[in-house]
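Please look over the model below.

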Amino acid sequence: MQFHHSGYVSGDPRVEPAAGVGLDRPADLPDEVDVLVVGAGPAGSVALAQLSQFPGVSARLIEKRPGRLEVGQADGIQARSVETFQAFGFAGRFTEEAYRITSMAFWNPDPDDPSGIVRTALVPDDPSGISEFPHLILNQARVQDYFVEFAARSPARGVPDYGVDFLGLEVTDDPDHPVHVQVQHVTGPRAGERRTVRARYVLGCDGARSGVREAIGRRLVGQAAMHAWGVMDVLANTDFPDYRTKCAIQSRDGGSILLIPREGGYLTRFYVDLGVVGEDDAGAVRRTPLADIVARANAILTPYTLDVAEVAWWSVYEVGHRLTDRFDDVPDDAPPGRGPRVFIAGDACHTHSAKAGQGMNVSIQDGWNIAWKLGHVLSGRAPETLLETYSAERQVIAQDLITFDKEWSTLMATAPEDLPEPGYLQDFYTKTFEFPAGFMTQYAPSVLIAQPRHQDLAAGFPIGKRFHSTWVHRVADTVPLQLGHQARADGRWRVYVFADRAAPGSGPVQDLATWLAEDPASPLRAHTPRELDTHAHVEVVVVYQQPFAEVDLRRVPEVFRPRTGALGLLDWEKVYATGPDHDVFEVRGVSRDGAVVVVRPDQYVADVLPLTATAELAAFFDGVLI
């Protein structure tokens, strides 16, 4: 990480200097805010973290709990989420704390004695090597802790307002703060007090029973699968040999179990099949005693036994697949120019089973998607029309998730003899791994995603999908590192210039660099206030084809070696090259004639262009930024 650019830092460099609203942030929830986030779950926590990187934006998060979450229901952390954690600076610490999944075991009835089970397959968790990041398991509470820590250390000093409950809202014709939100303090010296908070925008991250969703007239539409599961986090002794390996277990008579080891070496989660729910059940299955769930688990595990010493958390739920038709408050018959003022994210707008481990992961991407866009609009970087892309992008992703989850959860609840063929479940898991890992998301063309006119110049960076990192060498110190890991969640766009064969200081890259630095149409000139660093809103880096030892930094254009910070120090860390074992051009299919890859603040590729396409590059940013 980089620091010292505005003077010597002797303390923790992860604590950024306070700025803007962070300089005099009121301890109590103010009467007026730019953004009011409702709910401190995964979507709300990441939204607060991202918004706290915009020092001029007043964002507050209210949560009716009196303090931090202690036991979270979600625990599966897919590789795409760990990529996100890297951008927020805590992937390393998180990985050290979490349980890492590398394999999945499949157990089925024993052919010699169908009353018992045997292992029939042990498959790699990431068979295609889709990401350099691992699949992890860690309590949802810790995920939220890390995002809240990031927010508190960011320039705007974001801190949740605990003990504040959402009561309702009204979108008014108030020109400055049109969303009037009724809240009630439920803890502390102001407990019982009701008041109105006026906001420019509201983001509802308040779960499947969302009050924000109800207030804007949205409904979760779908149906239950009429199948119930008991879930429990246990500390137990067992003779089951794969107790510390992720397992899909299907028995002849007792249903199925999804077993997921948890962090800490001893804790394990069981999703236990409780069977089909009758149409006249009326919620009775949710009152299933814990002892019955433990007994059912033992029946499925036969001939092995499970001796539960302690249950940290447990619940019973029915699988449901529901989705709202929009993720904002814009009516279907809205007049032109009526942009969104209220947004919903996470379980507030999509619900599904826990079997695919997607709830928290998709919610994180919901929160990040809307938060950077709100930050851009409220800081004056982008027009309000940018906010219309949130529902358009994320609603499609949620629908795809529900379609996938219906198939996966149905297969998990299907008796082995009713599957199309032996091994069908593990084959499905292996073939579809890219989807639950979070890497199938591909946004459609829009103002934020260009048409793939030049995709062939960088085949390994598909437009609309997340920027797939790979190894490069930093020229200044020859250090090998992952290119994508250097991009922080600071709200900036990235322009990656993959150079042609010419040596530094000549050829198309030199012409592009001159244009970037000097032309009024360049995004560095057209969309960056003069008083800020050149790369304050759009960061530009270069990757040369030559081995790092052959790149002469003195010949590298100055736009890739910008002055930064209060002292105007030279930034040495934006110039990269290949190495003997690392050639990004070959690995990611980048043309030897070079290419420009534009990446959004949330790491999705927005465009791929030739080095000479300055007019197209300018037009793209003119369509997004003010």
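In this predicted model, the cysteine sulfur closest to that of Cys349 belongs to Cys205, at 8.5 Å. A disulfide requires the two sulfur atoms to lie within 2.5 Å, so the distance from Cys349 to Cys205 is too far for a bond. By this rule the model has zero disulfides. Cys349 is buried, its relative accessibility being 0%. Cys247 is also buried, with a relative accessible area of 0%.

Located in strand E13 (residues 246-250), Cys247 is the bridge partner of Ala105. E13 pairs with strand E5 in the parallel sense, over four bridges. E5 also pairs with strand E6 (residues 117-124), here in the antiparallel sense and over seven bridges. In that pairing, Ser103 stands opposite Pro124 of E6. How many of the seven residues of strand E5 (residues 103-109) are buried? Six are, so E5 is largely enclosed by the rest of the structure.

The nonpolar cores come next. The largest has 140 residues, and within this core Trp493 and Phe560 touch the most other members. Helix H7 (residues 359-378) supplies the largest share of this core, nine residues. A second, separate core has 26 residues, among them Phe106, Ala121, Ala248 and Met412.

Conventions
Residues numbered from 1 in each chain as written. Predicted model: local features only at pLDDT ≥ 70, side-chain atom pairs only at ≥ 80, totals over all residues. Heavy atoms only, no water. Core = buried A, V, L, I, M, F, W, Y, C linked by side-chain atoms within 4.5 Å. Buried < 20%, exposed > 50% of the residue type's maximum accessible area, 1.4 Å probe, protein only. Helix = DSSP H or I, 4+ residues; strand = E, 2+ residues; numbered from the N terminus. Pairing = 2+ DSSP bridges.
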